[in-house]
Amino acid sequence: MTVLSVCNHKGGTGKTTTTIHVAAALGLSGWRTLVIDLDPQGFLTHTMGTEEPAPEQSVAAFFDADADPGRIRVREAAGFDLIPSSSTLTRRMRDLNKPTDVLWVREALQRLDLEYDLLLFDTAAAVTVYSLNALVASQHVLIPVLPEYQSVVGGEQTYQTTQLVENKLNPRLDTRQFLFTQVDARKRMHKTYREYIQEKYGEAVMDNIIRTSTSLAKSRDDATTIFDHEPSSRGALDYANATDELVGRLQEASKDAGRKADPATTAPNGLPAEADADPEVSQLLNS
Ligand SMILES: Nc1ncnc2c1ncn2[C@@H]1O[C@H](COP(=O)(O)OP(=O)(O)OP(=O)(O)O)[C@@H](O)[C@H]1O
Ligand SMILES: [Mg+2]
């Protein structure tokens with residue numbers, strides 16, 4: 001199973017929109033895809049028309065030693081399965097302050113042996129124990145970036161966090177891809193920011209972009225995606241093309257799979273013991 005986090009520490013960069021539409025596009029191509037909503041605000045869960053379930057039927061079960069994530073009834077969304085978020089994550093976060101608390105999700109995935117081709121995490125716009133759990137369990141990171149100052153800074157910080165996570169916690173973290181979203185080709189600054197990131201991160205920048213699209217901006221909560229209600233719009237076209245490219249990139253990376261094993265099926269190594277907590281990780285957890 002390929003595991004990918006959609007992450008940018010800055011808010012409103014298209015993380016949730018991208019998670020939904022990549023998962024939906026893959027569903028249309030026959031991929032068995034699971035989305036886990038790790039954002040305590042649960043916008044993805046809400047957008048997919050899913051009521052907030054009891055905590056033990058939500059992603060909160062992953063962070064509760066008395067709950068069994070294997071008993072979560074996954075919800076059917078637009079061509080993919082969904083493990084919904086829970087507002088209890090916000091309260092629970094106060095207690096999740098040990099370095100080992102970044103391992104809950106990876107350890108649960110190792111036990112569960114899920115039958116999906118791809119697992120996608122939607123994350124919140126911050127370095128929290130939840131986004132770190134996603135990164136620690138992933139082989140790949142997709143960083144949606146708006147071609148604007150704060151989003152580009154957030155994207156670069158996210159890239160640095162992924163390097164820290166790879167070095168300290170998850171040596172199997174393999175690729176990072178920047179995906180530019182809400183791009184307006186008429187704006188010179190949009191081109192300038194994209195070129196800046198391309199110059200600095202080269203191959204990590206996806207060729208496809210997601211243009212600004214009113215059909216994507218329309219807020220819906222009826223479990224449909226742009227592929228259902230406006231399949232010939234540019235939003236649908238852009239996400240279909242970007243997903244194709246992403247799949248190619250992930251498949252290319254998996255050719256080197258011998259190099260790095262699947263974090264969800266491999267025994268964790270180098271786990272930080274509580275006693276010698278890494279100060280950088282503690283700082284991340286407390287930030
Ligand atoms: N390509 C697009 N064109 C126009 N509007 C878009 C596009 N992509 C996303 N949006 C809109 O931008 C807003 C932010 O998108 P989204 O919620 O996906 O970002 P996010 O990174 O998940 O935000 P948060 O950090 O709050 O979780 C939403 O209102 C969404 O509908
Ligand atoms: Mg979001």
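How many nonpolar, polar and charged residues does the shell around ligand 1 have? The legends below begin with that shell and then turn to the sheet of this predicted model.

**View 1. Residue classes in the shell around ligand 1.** The shell has 9 polar residues, 4 nonpolar residues and 3 charged residues. Of the 16 residues around the ligand, T13, K15, T16, T17 and S213 come nearest.

**View 2. Backbone atoms of T13, T16 and R211 beside ligand 1.** For T16, a backbone N or O atom lies 2.8 Å from an oxygen atom of ligand 1. T13 likewise places a backbone N or O atom 2.9 Å from an oxygen atom of the ligand. At R211 the ligand atom is a nitrogen, and a backbone N or O atom of this residue lies 3.0 Å from it. Ligand 1 taken alone exposes 630 Å², of which the protein buries 77%.

**View 3. The pocket of ligand 1 and the helices around it.** Ligand 1 takes up the space of the largest pocket. Two or more residues of the shell come from each of helix 1 (15–28) and helix 8 (214–217). Helix 1 gives the largest share, with 3 residues.

**View 4. Strand 1 beside strand 5.** Strand 1 (residues 2–6) and strand 5 (residues 118–122) run parallel and are joined by 5 bridges. Within this pair, V6 stands opposite D122 of strand 5.

Terms used
Residues are numbered from 1 along each chain as its sequence is written. Chains are lettered from A and ligands numbered from 1 in the order in which they are written. This is a predicted model: local features need pLDDT of at least 70, side-chain atom pairs count only at pLDDT 80 or more; totals for chains, interfaces and linings use all residues. Side-chain values use heavy atoms; hydrogens and water are left out. A residue is near a molecule or strand if one of its heavy atoms lies within 4 Å of it. A polar contact is a pair of N or O atoms within 3.5 Å; within protein, one must be able to donate a hydrogen and the other to accept it, and residues adjacent in sequence count only if both atoms are side-chain atoms. Accessible areas come from the Shrake-Rupley method with a 1.4 Å probe; for residues, only the protein chains shown count as cover. On a 1 Å grid over the protein atoms alone, a cavity is a set of points where a 1.4 Å probe fits but cannot get out, and a pocket is an open set with protein on both sides within 12 Å along at least five of seven lines; lining residues have an atom within 4 Å of a point. A molecule sits in a cavity or pocket if more than half of its atoms lie within 2 Å of its grid points. Helices (H or I, at least four residues) and strands (E, at least two) are DSSP runs, numbered from the N terminus. Ala, Val, Leu, Ile, Met, Phe, Trp, Tyr, Cys and Pro count as nonpolar, Asp, Glu, Lys and Arg as charged, and the others, Gly among them, as polar. Two strands pair if DSSP finds at least two bridges between them.
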